[in-house]
Amino acid sequence: MDLLDKLSILADAAKYDVSCSSSGSSRKNTPGGIGNGARTGICHSWSDDGRCISLLKILFTNYCIYNCTYCINRAGNERPRAAFTPRELADLTINFYRRNYIEGLFLSSAVLRNPDYTMEQLLKTVRILRKEYKFNGYIHLKAIPGADLSLIFEAGKYADRMSVNIELPTRQSLKMLAPEKDFTAILTPMKNIGQAIRQNQEEKKKYRKAGPFVPAGQSTQLIVGASPETDYQVLKVSENLYGQFNMRRIYYSAYVPVNKDSILPALKSPPLLREHRLYQADWLLRFYKFRADELLSEEKPDFDLELDPKANWALRHLEYFPVEINKADYELLLRVPGIGVKSARRIVTARRNGSLSYYDLEKFGTVLKRARYFITCQGKYYGGIPIREDLVKSRLLSAGDRQQLSLFSQE
Amino acid sequence: MDYFIYDGSFQGLLTAIYEAFYSKNQVGGILREDEYQPAFFANKIPVEADLQKSDQLYLAIKNKISPQSLRKIYYVFLSEKKETGLLIYHYLRLGFKIGRKIDSYLNHELVARLNQLSGKVSREAHLLKGLLRFRKIEGGVFYAPFEPDYNIITLMAAHFARRLADQDWLIHDKRRGLAAVYNREEWLLTDMVNLPDLRLTEEEKHYQRLWQSFYQHIAIEARKNPRLQVQNMPRRYWKYLIEK
């Protein structure tokens, strides 16, 4: 089989993995070497589904010993199968990188023969890249659950990011949809990588020369909409993963029906808006100091599809509003709908030099279309309507959420 | 009113501003030759770039105001927009008065305008660090043509000199007729009049096919979203993409 066929098959098989981020690593180039990391990450293209392409996202192989119901590569599916050699894949990465197609490699794999064998192949590939080719670009590597921990730890020395996909939010769902996979076998490497990252950070404080270990942190992914969990359950899982496993990012993947199976839900199209709401809430957990319990509850376990989670929270807590832009602390500013991390920082910076007016906010690019209903500037309120849940809600709904929503509709 | 005319280079701009600081008359403009329009009572003063003066001002901005301000001023210069010379002049006058605090005066008219413009340049540079495509041509050089809105070729060259340090490359701004040439040791900026031999190697065609195929297969059909795609990657940048 020639390289073009392999690439087609194995890119196609990798596309359901969401992550393509190349951020978090500022690895430097070395003398005679090629590549470096860009801390903020760089997107190199956008595919027809609108998603950023940053990395050569590819499976090492799609031959698989498992038969997970939701997965396109399940053993029972009749599909063309292929496998790279480590050398082929390393060469492909370098040649794409030299042409600036990519920021680096995101290497994942189905499980060929057994987890150890598969992990060894991935390891060989990144070893060629880092040692032989002196490649200093970004590498995101999947840890194969069930593989020997020594293999995973070695991989962590070469990779910028590692991930183990949790796949489904609960043990029960995993058991139902991926009976050969074991929740504990997924959590174990995750926990170990998390600990090793923390340990490495400690070492780096003591000895400057301590080598890197997964400097861009670990991530994971779970599928939304293939199993019966509520948004509340999903978000609680995320909160735990961030807290316990030193997770840098969690990706949510709207379930795309790729297989027909009686135990899978029949969906006309993937639940993209639900996925979007989960990402918004995820941001609120990571950067806005929200807790899952503030956003959802047993009684109201799913996100409003009309309004984003932050606006929703604000409407249910009008007692905090309006907040005075010149007095509210950073944490409270972050809770104002329409004010993001950037705007909140700018406000805190600029008001050190004197009191800010509404027009000052506009001047440095704060978007007030939504925020105006929740703030005062120098004591003045610019919302123009009484702060009542129903009134403000109807304004928010007409203030551009619609336009945003249409990005998630099918064309 | 004094109008200082510079040669279009960054050193020229800094020299002109340096001279303007010592002007007894009111400063009416710091202009490139092509920006200047003769007017009554205008005192036109041509300024030749002077490395000593421009270096002195450069260091003063860096040390007495801030490195961030220096970077933003350079980006605004790269925007090639009209009247940026005077904007930078007034910004610096304020900067030398209040020092590095100027970076926090986000609501000040001058600071806001400077931040806005430098932000645009910075965003285009970031985008094109991803979208630039190199092609290996006969002779082994990697050639990358582009047509940026702003004059960002020096930012690109600095980025790729760190990143693609072990290959010969040439970045070509076709809109401005400029090229950055790198020989595995250093890069330099030159006018680009004659195109090199642009025939592609067989190897190059092979990798282009591979990349096109990857691009096709990585998209999820069920999530097709051309609007989101164009929002992230404006069409005017598609011309030199291999995959489009």
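A residue is counted as buried if 20 or more other C-beta atoms lie within 10 Å of its own, as exposed if 12 or fewer do, and as partly exposed in between, the C-beta atoms being placed from the backbone. The model is predicted, and local features need pLDDT of at least 70, side-chain atom pairs count only at pLDDT 80 or more, and totals for chains, interfaces and linings use all residues. Residues are numbered from 1 along each chain as its sequence is written, while chains are lettered from A and ligands numbered from 1 in the order in which they are written.

In helix 7 of chain A, the buried residues are A:D231, A:Y232, A:V234, A:L235, A:S238 and A:L241; helices (H or I, at least four residues) and strands (E, at least two) are DSSP runs numbered from the N terminus. Helix 7 of chain A comprises 14 residues (231-244) and reaches 20 Å from its first C-alpha to its last, close to the 20 Å expected at 1.5 Å a residue, the expected span being 1.5 Å times one less than the number of residues. The buried residues of this helix pack against strand 7 (218-224), strand 8 (247-254), helix 8 (272-287) and helix 9 (292-295) of chain A, where contact requires the C-beta atoms of two residues, placed from the backbone, to lie within 7 Å. Helix 7 of chain A is followed by A:N246, for which phi is positive, near 60 degrees.

Chain A is divided into domain 1 (3-295) and domain 2 (309-406), with bounds that come from an automatic or database domain assignment. The C-alpha centres of domain 1 and domain 2 of chain A lie 36 Å apart, and ten residues of domain 1 of chain A are in contact with seven residues of domain 2 of chain A. On the side of domain 1 of chain A that touches domain 2 of chain A, helix 8 and helix 9 of chain A each supply at least two residues, and helix 8 of chain A gives the most, with six. By class, this side of domain 1 of chain A has six nonpolar, one polar and three charged residues; Ala, Val, Leu, Ile, Met, Phe, Trp, Tyr, Cys and Pro count as nonpolar, Asp, Glu, Lys and Arg as charged, and the others, Gly among them, as polar.

Between the chains, 45 residues of chain A are in contact with 41 residues of chain B. Among the elements of chain A that each supply at least two residues of the side that touches chain B are helix 1 (3-12), helix 2 (86-98) and helix 12 (341-350), and helix 1 of chain A gives the most, with six residues. The side of chain A that touches chain B has 19 nonpolar, 14 polar and twelve charged residues.

Chain B contains eight helices and eight strands, and buried residues make up 38% of its 244 residues. Three strands of chain B form an open sheet in the order 2-1-3 with parallel pairing, two strands being paired if DSSP finds at least two bridges between them. The edge strands are strand 2 (27-32) and strand 3 (43-46) of chain B, each of which pairs on one side only. Four bridges join strand 1 (residues 2-6) of chain B to strand 3 of chain B, and the bridge partner of B:I5 in strand 3 of chain B is B:P46.
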